[in-house]
Structures are given as structure tokens and as C-alpha cells.
Amino acid sequence: MADVFEEEAEQTVSIQEYLKDVEDQELEADLVLGGDEGKECTYTKGYMKRQAIFSCLTCTMDGNAGVCTACSLSCHDGHEIVELWTKRNFRCDCGNSKFGEFFCKLFPNKDIENVENSYNHNFRGAYCTCGRPYPDPDVEEQEEMIQCCICEDWFHEEHLGLQSSDEIPRDEEGEPLYEDFICQTCSGVFSFLTLYPKSIWAAVRQHDTTVNNQKEKNVLEDPSSACGSSQKLENDPYSHNSGQIDHAITDIVSENVSAGKDALFGENTEKNEGSSQVIQVASPSCSACIVGVDLLVAPPVSDGSKPMFLSKNWRDILCRCEKCVEFYTQKHINFLLDKEDSIVEYEKMAKQKREEKLHQQEGVELNLLDKLGHVGKMEFLNGVADMKNEIHSFLESFDPSKPITSADVHQVFENLAKKRRRL
């Protein structure tokens, strides 16, 4: 009988658990918003490399416009909003010609249209190849979705084009072992990635330790050369055609390190710091090209597209010779060479902004206390002690079987006020 009452008893949480949950939710929001506090429209910043974007179906039913965080809060409060997480190379549309007579409250002086913005069915609240909304009202338990780093659409696991979800690289706790995912549709353009060493792919958990270690060390058994050829790729993205790719990487890195030169990143020169693998390329010749294939003349072709799961820091391995950079540009995928484009880097910068904000808040609190005189400090500390004691007394006398109401909270503060007046 006691077991029945225990099952029916209402679940409770400690104040520490509640505060931890609040902190986790704030962190998750900061990671999505990139540290943007939503106070100013981002339109003046132009086409941002990555930012949180929202679609307002109340104002644009066709789902052909996106607004920044600040506009979603100030201009579209109470509207039907679709949260799109982040989008690359996007400029806030709020109040432009797509919104009819509606003007942006934060920055009304906008161009008629942002011609470089890209839109997909996500802006209409539809996701995946199935076109279902998220959350899905017809599903009791919502399934987590995976975002393609190229088209930025979201996909259900059963619609990835895999035979089994076990093919998704995860650890024993179910956490992803991959940094980026490329969907089945986009993988056709990226079949050239199969020319790279095995370390570019995230290891699937069922692979044994020996195979995984070989992947990490870029050990390839196929001795055939790919330089100057256009070989047909296998359907499996984890298979490779060139056993000399790894040697080419080693030679290129050694040459540039001995010469004391930095890596060349095409038009946008940038250093990759803190990376586990740094590929330094300074020559457009075949011997300096990591893939050993002129992708512009004869790009590799795959018979069938498979989704791809890329390992951590995989972008650092991409060849940056002159011909490969031109190939990326023609295919409109040169954003892959920009480290700030990745979600990992975006969240890293968001965490830094969050830490800076918390540090500033702590500094303000300490400065406030330091500015108080001795009497002021004592009154402040006594007030904190009184509040602590009053809350403690309330919790001791309160019936735990009843919920705490707003009237209870008001009573606590009224009791505090009475005590202060008596003093």
C-alpha cells in the first residue's frame, strides 16, 4: 500500500536542482542566440556569418522572410513565430517589402529586399524530407532531429537514408561523435570528400578499437595514386581511393613547417589555432594538392549518395590549394573554409560572451557593495540574513502537500517589511 502512495506522490526538486535547471536553460538559449541579448536589430551588421533567425507566419504566411532575435521580441511579440535556430549569411528582413505595410520598430530604414538571403521550407515551419512541423502535434514523443551543415534543413533519423540508426556515430551515452552532418541530397556535391583520409569521418561505435585507431592515424591500405586522375568513387563514403593522400599531407605540412610559413586560405587568410590537425598548403600544383585530383576539370562522381558524418576539426583538413579553392567558390561552398561558419565555433563564441557577461554582472555587484559605507554594508548584510531566516521559517511551517502560491510569497515579504518597521 505504501508503494502505491509513493508512486502517486508528487515529484519534488531541491532548490539546487531547480537553479541548475534554470542555468542549463539559460545556457542553451545563449548557445542558440550566440550571446545576442536581443536589444538591437542586426540589419546594420549586414549579412552575418551566422545568427539566430525566426520566421513570422503572422506577417509572412508564405514563409519567405526571416527576422533577427531583437525583432522577433520587439516587432513580432504575440505573433506566430517559427524558431529556425541559426542560419548562415543572413540579413534581417523585418519591415522590408515582404511585410507589406508593417514597419520594423527598431530599424525601419531597410532595403526593399535582401537579395542574398536564402530560404527553405523551414521558414514555413516544415522540416525534413517528410515536411512535418517541429514540434509535431501528431506525435506524442518528439524525436530529436539532425541538421545538415550545408542546406541547414533538419532531418528525422529514419529519413536520413540509412539502413539503421546504429550507423549514426554515437558514444555509449548516445552523444554524437560527429561534428557535422551532410544530408543525402547535399552529399552528391560533396562526394569529393571520399578522396580524403579516413580521419575525416566520424567513427561508428560498432567499429573495433583497432580500426578506429587506424582511422585516427590516417592509415590507408590502398596504394593506388589519384594524382591527375578522375576516379569513380564507391557508394560508401568511408572508402578511399588514394593511399598517397596521407603521405601528401605529411609532406606538405613538413615542407611548410620547415619554411616557417603560415597556411594559405585563399581570399580569406586565417590561422587555424587549437586544431588537432592543421593542413598547410602553399602551392596549387598537383604535388601540393591534398586530394590529388583537379576537381574543376574532373570532379569525382558517386553512383549513389549517402549521408556523411564528419569528425571534429574536419574542415581543417580541407585542401586550400588554388584549384580547390576555386572549386569551392564555383560550388558556392567556400564558407567551409571559414572557421566561424561552423556551429561549434558559433557556440564557442556564445559561451565566451556568456562568461564575459556573468563576470561583468559579478563585478557590478561587488562594486555596489564596495561603494557602500560601513553602516550601509551592515544594513545590506542584515537584510540578506533576515530574508534567509524568514524563508527558512516559512518552509519549516509550510505544509509540503500544498503548492506555494503567489499569496504565500507576498506574505513572506510582508513579514519582512513588518520586521524592518519594528527596527
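Trainee: How far from the ring centre of Tyr47 does Arg91 lie?

Mentor: Arg91 is placed over the face of Tyr47 at 5.7 Å from the ring centre. The side chain of Arg91 also lies over the face of Tyr43, at 3.9 Å from the centre of that ring. Here "over" requires NZ of Lys or CZ of Arg within 6 Å of the ring centre and within 35 degrees of the ring normal. The model is predicted, with local features requiring pLDDT of at least 70 and side-chain atom pairs 80 or more, while totals for chains, interfaces and linings use all residues. Numbering starts from 1 along each chain as its sequence is written, and side-chain values use heavy atoms, without hydrogens or water.

With a relative accessibility of 22%, Trp85 is partly exposed, whereas Trp154, at 17%, is buried (under 20% is buried, over 50% exposed, and between them partly exposed; 1.4 Å probe, protein chains only). Elsewhere, ring pairs join Phe155, Tyr178, Phe181 and Phe309 into a cluster.

Glu152 lies in the loop between β3 and β4. This residue is buried, with 7% relative accessibility, and Glu152 has a positive phi near 65 degrees although it is not a glycine. Asn313, in the loop between β6 and α6, is likewise not a glycine and has a positive phi of about 65 degrees. In the loop between β2 and β3 (146-147) is Pro135, which a cis peptide bond joins to Tyr134, with omega of about -5 degrees.

Let us turn to helix α6. In this helix (residues 322-330), the residues Cys324, Val325, Phe327 and Tyr328 are buried. These four lie on the same side of α6, because they span an arc of only 155 degrees around the axis (taken from the directions from the axis to the C-beta atoms). Just after α6, His332 has a positive phi of about 60 degrees.

The largest nonpolar core has 52 residues, of which Leu193, Tyr196 and Tyr328 touch the most other members (a core joins buried Ala, Val, Leu, Ile, Met, Phe, Trp, Tyr and Cys through side-chain atoms within 4.5 Å). Two or more residues come from each of β2, β4, β5 (180-182), β6 (308-310) and α6; α6 gives the most, with four. Apart from neighbours within four places in sequence, Tyr328 contacts Phe192, Tyr196, Leu318, Cys319, Ile333, Asn334 and Leu337 (heavy atoms within 4.5 Å). A second, separate core of 15 residues includes Cys41, Cys75, Phe99 and Tyr346.

Finally, consider the whole protein chain. The protein chain has nine helices and six strands, and 37% of its 423 residues are buried. Of the contacts between residues at least 6 apart in sequence, 70% join residues at least 24 apart.

Methods. Rings of Phe, Tyr and Trp (its six-membered ring) pair if their centres lie within 6.5 Å; planes under 30 degrees apart count as stacked, over 60 as edge-to-face and the rest as tilted.
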